[in-house]
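Subject: A structure for you to look at

Hi there,

Here is the structure I promised to pass on. Have a look at it first, and then read on for my notes.

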Amino acid sequence: MTGEWTFRTAHGTATVSDGRLELSGSARQLVRENWRDRWTTNAAGRRALFVFSTLGSAWFVVRALRDVPAVLSGNADLPSQFAVACVCLGLLALGYRSTRTKTVELRDVRVVERVDDDELRVRFEDETRDSLDIETPTGRDADDAAEILRLRGVRVTDETDTDTPASEGFRERLRAKEE
């Protein structure tokens, strides 16, 4: 089979082509998914704390950006230099985390396990290599990912269904999606 198949992940996109699985991210998707996760999975008190910490972080970034001209001219005090350095380091970390690409050769994959409604775990032939977790935004995206990998010759099992044999629950959900 030739061609390129893609599916969404929690922090970007995954592409399956030429016998490889490539996971790439984007800063926008990373920020959006982190916001969604922290907002939808917390109780009201934790949401208030999340909003407070987000506003505090935004204030810190705005303050640091206001101090950039003073830091560049050499007239800034130590707290301003520290704030600018922290913001720069944070932006570099965000940029690195969101733009790094992980590439996996499909021939090195032993099995892909469906471990949650929206999470897949890639296990490799080499037992010493750590498994790779792929989180998708929704269960439907995880279904698409599992089907794409299965069509590319990777064995896919479903660990979420304890009552049915492996992959049978996935197939039932896939058939329901097609109807």
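Below is what I found, starting with the whole chain and then turning to a few residues.

Please keep in mind that this is a predicted model. The mean pLDDT of the chain is 82, and 86% of the residues reach at least 70.

As for the fold, the chain holds five helices and eight strands. Read from the N terminus, their order is β-β-β-α-α-α-β-β-β-β-α-β-α. Of the 179 residues, 30% count as buried. The accessible surface is about 11,300 Å², and carbon and sulfur atoms account for 54% of that. If you count contacts between residues at least 6 apart in sequence, 47% of them link residues at least 24 apart.

Now to the salt bridges, of which there are eight in total.

- Aspartate 141 and arginine 8 pair through their side chains, with N to O at 2.7 Å. Aspartate 141 belongs to helix α4 and arginine 8 to strand β1 (residues 5-9), so this bridge ties together parts 133 residues apart in sequence. Aspartate 141 is buried at 11% relative accessibility, whereas arginine 8 is partly exposed at 42%.
- Glutamate 113 and arginine 123 also meet, with an N to O distance of 3.1 Å. Here strand β5 (residues 109-116) supplies the glutamate and strand β6 the arginine, so the parts joined are 10 residues apart in sequence. Glutamate 113 is buried, at 14%, and arginine 123 is partly exposed, at 27%.
- Glutamate 147 bridges to arginine 150, their closest N and O atoms being 2.6 Å apart. Both sit in helix α4, and because they are three residues apart, about one helical turn separates them. Glutamate 147 is buried, with a relative accessible area of 16%; arginine 150 is partly exposed, with 37%.

One more residue deserves a look: threonine 136, in the loop between β7 (132-135) and α4 (139-151). Is threonine 136 buried or exposed? Its relative accessibility is 0%, so threonine 136 counts as buried. A polar atom of its side chain lies 2.9 Å from the backbone oxygen of threonine 138. Leaving aside residues up to four places away in sequence, threonine 136 touches Arg8, Thr9, Ala10, Asp118, Asp141 and Ala142. Arg8 and Asp141 in that list are the partners of the salt bridge at 2.7 Å.

Best wishes

Conventions:
Residues are numbered from 1 along each chain as its sequence is written. This is a predicted model: local features need pLDDT of at least 70, side-chain atom pairs count only at pLDDT 80 or more; totals for chains, interfaces and linings use all residues. Side-chain values use heavy atoms; hydrogens and water are left out. Helices (H or I, at least four residues) and strands (E, at least two) are DSSP runs, numbered from the N terminus. Buried means under 20% relative accessible area, exposed over 50%, partly exposed in between (1.4 Å probe, protein chains only). A polar contact is a pair of N or O atoms within 3.5 Å; within protein, one must be able to donate a hydrogen and the other to accept it, and residues adjacent in sequence count only if both atoms are side-chain atoms. Contact means heavy atoms within 4.5 Å. pLDDT is the predictor's confidence in each residue, from 0 to 100. Accessible areas come from the Shrake-Rupley method with a 1.4 Å probe; for residues, only the protein chains shown count as cover. A salt bridge is a side-chain nitrogen of Lys or Arg within 4 Å of a carboxyl oxygen of Asp or Glu.
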